[in-house]
Amino acid sequence: MSVYTEKVLEHFKNPRNQGKLKDYDAVGEKGNPICGDVMYIYIKVKDDKIVDIGWETMGCAAAIATTSMLSEMAKGKTLDEAMKLTKQDVADGLDGLPPVKMHCSNLAADALHEAIQKYREKHKKTKSK
Amino acid sequence: MIYLDNTTTTQVDERVVQTMNKYQTNEYGIAVSDYSPSFSMKSQEVLENTKKIISKKVKCKPEELIFTSGQSESNNQVLKGVEKGHIITTKIEHSSILETCKNLEKERSITYLNVDKEGFVDLSQLKKSLQEDTILVSIQHANQEVGTIQDIEKIGKICREHKVLFHVDASQSFLKQSIDVKKMNIDLLTITAHLIHGPKGVGVLYVRKGVQLKLLIQGSRVLNIPGIAGYGKAIQVWDNKDNEKMKKQKERLIQEIEKIPNTVIFGSRSNSLSNILSVGFKFIEGEAIVLYLDTEGIVLSTGSACAGKGLKPSHVLEAMGYGEEESHGSIRLGLSKYTTDKEIDITVKKLKEVVEKLRKMSPIKE
């Protein structure tokens, strides 16, 4: 029996939205290669909505599955809605994660939030010009 | 299924199972004294027979062998059974040595020797670490993760010169490397059955005649007679030709895996067990490799922190000087006599696919 839920394994084997977006508006980067997990989340925004999302992850099955899950949850959402996505939402979406792997879902949500913040900052600057 | 986790445990040989069955359902007696009924005395014959078989392999006397429940018990028995005094061991031992030593630190001083990049014990550090009150040196024959074989004869000589007891954990090397307790000056030796296609939960401790050891378990003990019978059988049916076969398979694995860029082969290339191979792939993580291969029906293990107890990376790779960057993407392949050339080919093919797939997903490319 695996410590992972069916859903984690399913996302791990068939990750959604995987890959770097060719034409993205902002990228959120979390983690570092020394400690292991690294996640990059790329977003494409139109009318304040995430119209496309892509990601790259170095990490274990939980790290890959959480980024995949998060990308599904965030796609189509407004930036405000996406900012409200938490690590718990991602874990719940996967029917749970082993407690020691919760930090993976944390990283994914953090990377998304960073991408949104970067987008907003960039946007503010162009607006104020 | 392709099983390549043979350093963790092995498939029991069918002939061993048959032998064990005989002592489960037909000759199930236990002798409680030398005057037990002949039916029960059959168990005595089993003990004597297996002891004889083992003693021939390690060049000791049958009466110098004690049956245990395996590697962990044999190792615990040594560390907790020797007289008070300083103990020297290494940083790359099995958990049954390291965790027991950690507990013993409350009552005695313990030195953990360093190893070099290939996993060899620092012999000059060993000599320097010997103190007046050193009672025991405990060093494994071959490593469970990278297969590096220590120069036991040299270490034995140092111990004998300093009149210090020498314990060797030969759980991984038994039958794959020759062992001569006399020539190697070994006073205590741990071996186990489940790594040589024998049953789980059976092992032996060799205690050289004259060595004082306080036994942890006292009183008459109901020994695992079927397991001990199976242990003897497993040794009898071992064929040294399989060691040659595994050696060739390991060479083929190395040859193919080295073609994958940014790959590290851990351990010694010249002095390593023929059935153990540890490799690291940069920019990806080992638990993910293992899980992907699992879905392809290939079973092996990893030294990655993500799969470790308490998310700790392999203590062996750490001691060899590898950082998490290298141990993170490490996997361990353990071959056995049942591993076929075709299985090696499939594993190589799938491994290449998985590494490529995970690297494509990874944001770190160099």
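Q: How many residues does the contact take from chain B and from chain A?
A: This is a predicted model. In the contact between the chains, two residues count when their C-beta atoms, placed from the backbone, lie within 7 Å. Chain A gives 17 residues, and chain B gives 17 residues.

Q: Which helix of chain B gives the largest share of the side that touches chain A?
A: Two elements give two or more residues to this side of chain B: helix 9 (286-295) and helix 11 (324-327). The largest share is four residues, and its source is helix 9 of chain B.

Q: How many residues on the side of chain B that touches chain A are nonpolar?
A: The side of chain B that touches chain A divides by class. Four of its residues are charged and three are polar. The nonpolar residues number ten.

Q: Which Glu is in contact with Tyr206(B), leaving aside neighbours within four places in sequence?
A: The contacts of Tyr206(B) include Val58(B), Cys60(B), Leu65(B) and Val181(B). Leu188(B) and Leu189(B) are also in contact with Tyr206(B).

Q: Why do the buried residues of helix 6 of chain B line one face?
A: Helix 6 spans residues 152-161 of chain B, and Ile152(B), Ile155(B), Gly156(B) and Cys159(B) are its buried residues. Glu153(B) and Glu161(B) are exposed on the other side. The buried residues line one face because, seen down the axis of helix 6 of chain B, they fall within an arc of 100 degrees.

Q: Which helix is included in what covers the buried residues of helix 6 of chain B?
A: The cover includes strand 5 (134-140) and strand 6 (165-169) of chain B. It also includes helix 5 (123-129).

Q: What radius of gyration does chain B have?
A: Chain B has twelve helices and 13 strands. Its C-alpha trace spans about 70 × 55 × 35 Å along the principal axes. A compact globule of 366 residues would come near 21 Å, and chain B agrees, with 21 Å.

Q: What radius of gyration does chain A have?
A: The elements of chain A run α-β-β-β-α-α-α-α from the N terminus. For 129 residues the globule rule gives 14 Å, and chain A is close to that, so it is as compact as a globular protein of that length. The radius of gyration of chain A is 14 Å.

Q: What percentage of the 129 residues in chain A is buried?
A: A residue is buried if 20 or more other C-beta atoms lie within 10 Å of its own. In chain A, the buried residues come to 43%.

Definitions and conventions: Residues numbered from 1 in each chain as written. Chains lettered and ligands numbered in written order. Predicted model: local features only at pLDDT ≥ 70, side-chain atom pairs only at ≥ 80, totals over all residues. Rg over C-alpha atoms; globule rule 2.2 N^0.38 Å. Buried ≥ 20, exposed ≤ 12 C-beta atoms within 10 Å, placed from the backbone. Nonpolar A, V, L, I, M, F, W, Y, C, P; charged D, E, K, R; others polar. Arc of directions from axis to C-beta.
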